[in-house]
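Please read it beside the sequence and the coordinates.

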Amino acid sequence: MGRTAATIVRITGVLLLVMGLFVWMGGGPMLVPVHMVVGVAFVIAMWVVGFRAISARVASPLAVLLIAWGAIVVALGMTQAQILQGPNHAAIQGLHVLVGLIGMGLSEMVAKRLRVAHEGGALDARPA
Ligand code: HEM
């Protein structure tokens with residue numbers, strides 16, 4: 001389950017980047033709602049990874065951060081089109097992509113620790 005969710009984060013993350021790039025290039029405003037739905041799937045998968053880690057008592061602080069980060073991704077994604085409209089909108093767009101990329105990285109970190117824990121071994125004693 002944790003592994004499947006981590007894979008979903010990876011796949012939807014890449015899809016979001018590709019779709020976002022199209023949107024950014026002006027390629028398809030109609031892609032935005034699809035991007036948003038995939039974005040919600042991305043965040044739900046992030047949360048599953050986080051909750052799996054917490055229930056397995058793996059990397060708990062990082063898992064809590066992952067769950068909180070998911071909330072930030074949704075909150076910014078849902079509101080960003082309205083924030084800082086005008087010439088400075090690029091700053092919000094850059095922030096949006098950065099927040100998404102950090103979410104992908106956090107998910108990778110937590111999923112890796114979950115994987116190591118499931119394979120056995122004292123994971124906190126190992127380098128990340
Ligand atoms: C719930 C999650 C998400 C929602 C609701 C969402 C929503 C949006 C919206 C409304 C836009 C167009 C807005 C504008 O032009 O200002 C956009 C653009 C974009 N999104 Fe997302 N997004 C989400 C997650 C992500 C994630 C996780 C990534 C990358 C890993 C991503 C990458 C992009 C990119 C590259 C663009 C085009 C440049 C930009 O506007 O920032 N999005 N997103």
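The buried residues of α2 are covered by elements that include α1, α3 and α4, where helices are DSSP runs of H or I with at least four residues, strands are runs of E with at least two, and both are numbered from the N terminus. The model is a predicted one, in which local features need pLDDT of at least 70 and side-chain atom pairs count only at pLDDT 80 or more, while totals for chains, interfaces and linings use all residues. Residues are numbered from 1 along each chain as its sequence is written.

A residue is called buried if 20 or more other C-beta atoms lie within 10 Å of its own, exposed if 12 or fewer do, and partly exposed in between, with C-beta atoms placed from the backbone. By this criterion the buried residues of α2 include F42, A45, M46, W47 and V49, and those of α4 include G100, L106, V110 and R113. The cover over the buried residues of α4 includes α1 (2–24), α2 (31–55) and α3 (60–79); contact here means C-beta atoms, placed from the backbone, within 7 Å. After α2 comes R57, with a positive phi near 55°.

The lengths of two helices can be set against the expected span, which is 1.5 Å times one less than the number of residues.

| Helix | Residues | End-to-end C-alpha distance | Expected span |
|---|---|---|---|
| α2 | 25 residues | 36 Å | 36 Å |

The protein chain has four helices and zero strands, and its C-alpha trace spans about 50 × 20 × 20 Å along the principal axes. Buried residues make up 29% of its 128 residues.

A nonpolar core is a set of buried Ala, Val, Leu, Ile, Met, Phe, Trp, Tyr and Cys residues joined through C-beta atoms within 7 Å. The largest such core has 24 residues, and those with the most contacts inside it are V9, A45, M46, V49, A53, L66 and V110. The elements giving two or more residues to this core are α1, α2, α3 and α4, and α2 gives the most, with eight residues. Leaving aside neighbours within four places in sequence, V9 is in contact with F42, A45, M46, V49, M104 and S107.

Around the ligand there are 27 residues, of which G20, G39, G77, Q93 and G100 come nearest, a residue being near if its C-beta atom, placed from the backbone, lies within 6 Å. The elements that give two or more residues to this shell are α1, α2, α3 and α4. The shell divides into 17 nonpolar, ten polar and no charged residues, with Ala, Val, Leu, Ile, Met, Phe, Trp, Tyr, Cys and Pro counted as nonpolar, Asp, Glu, Lys and Arg as charged, and the others, Gly among them, as polar.

Terms used. Contact = placed C-beta atoms within 7 Å.
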